[in-house]
Amino acid sequence: MLDGINLTVGAGRAVAVVGPNGSGKTTLLRCVVGVLAPDAGEVRLDGRPLRETDPAVRSAVACVLDEVDFFPDLSVSEHLDLMARAHGASVDLAAVLDEFAPARAADQLPVTLSSGQRRRFMLASCFVRPRTLLVLDEGCRRCCCSSLCG
């Protein structure tokens with residue numbers, strides 16, 4: 001249960017939410033990205049209420065939570081290309097794949113990836129698109145992205 005949370009994060013800032021298992025960290029992040037609605041109060045992004053159904057919010061928020069969502073019939077590179085195009089981004093997919101996945105993973109379906117490779121793939125999907133807010137749940141610290149997310 002979360003109670004009495006009041007948090008303001010300025011542009012360009014990074015915040016870590018820490019606490020023991022079961023303390024509500026993932027619940028808080030799910031509220032922040034709009035997957036869960038808070039029982040009271042509201043989450044705001046750039047001064048506007050954050051509603052996951054709002055197209056502006058969907059284009060501004062990139063996240064990696066516990067569950068891994070992907071298009072099951074698209075290869076890793078096809079998925080990343082689709083994400084970039086859907087958000088009007090022009091990216092060097094080869095460079096993104098080089099940073100986040102072994103070259104052989106580019107043509108694989110996400111379901112065939114190991115759990116660590118899937119985490120890196122989902123992180124890559126956040127970095128191929130523009131974003132105002134990037135939210136990463138604890139599993140990110142176990143992947144190879146330390147050069148990007150500290």
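In which segment is Ile5 found? Ile5 lies in the segment before H1, where helices (H or I, at least four residues) and strands (E, at least two) are DSSP runs numbered from the N terminus. The structure is a predicted model, in which local features need pLDDT of at least 70 and side-chain atom pairs count only at pLDDT 80 or more, while totals for chains, interfaces and linings use all residues. Residues are numbered from 1 along each chain as its sequence is written, and side-chain values use heavy atoms, with hydrogens and water left out.

The secondary structure of the chain consists of six helices and four strands. Along the sequence, these elements follow the pattern α-β-β-α-β-α-α-α-β-α. The chain has 150 residues, of which 33% count as buried. Buried denotes a relative accessible area under 20%, exposed one over 50%, and partly exposed a value in between, with a 1.4 Å probe and protein chains only.

The segment before helix H1 (25-33) also contains Ala14. Ala14 is exposed because its relative accessible area is 75%. In sequence, Ala14 and Val135 are 121 residues apart, and in space their C-alpha atoms are separated by 9.7 Å. Ile5, by contrast, counts as partly exposed, because its relative accessibility is 49%.

Side chains of opposite charge can pair when their charged atoms come close. The structure holds four salt bridges, each defined as a side-chain nitrogen of Lys or Arg within 4 Å of a carboxyl oxygen of Asp or Glu. One of them joins Arg44 to Glu42, with an N to O distance of 3.2 Å. Arg44 is partly exposed, since its relative accessibility is 46%, and Glu42 is likewise partly exposed, at 45%. In the salt bridge between Arg48 and Asp54, the closest N and O atoms are 2.8 Å apart. Arg48 has a relative accessible area of 43% and is therefore partly exposed. Arg58 and Glu52 also meet through their side chains in a salt bridge, at 2.7 Å from N to O. With a relative accessible area of 48%, Arg58 is partly exposed; Glu52, at 30%, is partly exposed as well.

Helix H3 (residues 76-86) packs against two helices, H4 and H5. With helix H4 (residues 93-100), the angle is about 125° and the axes are 11 Å apart. Axes are lines fitted to C-alpha atoms, for helices over the stretch in contact, and angles run from 0 to 180 degrees between N-to-C directions. H3 and H4 are therefore oblique to each other: angles under 35 degrees count as roughly parallel, over 145 as roughly antiparallel, 65 to 115 as roughly perpendicular and the rest as oblique. With helix H5 (residues 115-127), H3 packs at an angle of about 25°, and their axes are 9 Å apart. H3 is therefore roughly parallel to H5. The crossing of H3 and H4 is right-handed, as is that of H3 and H5. A crossing is right-handed if the near helix is turned clockwise from the far one by less than a right angle, and left-handed if anticlockwise.
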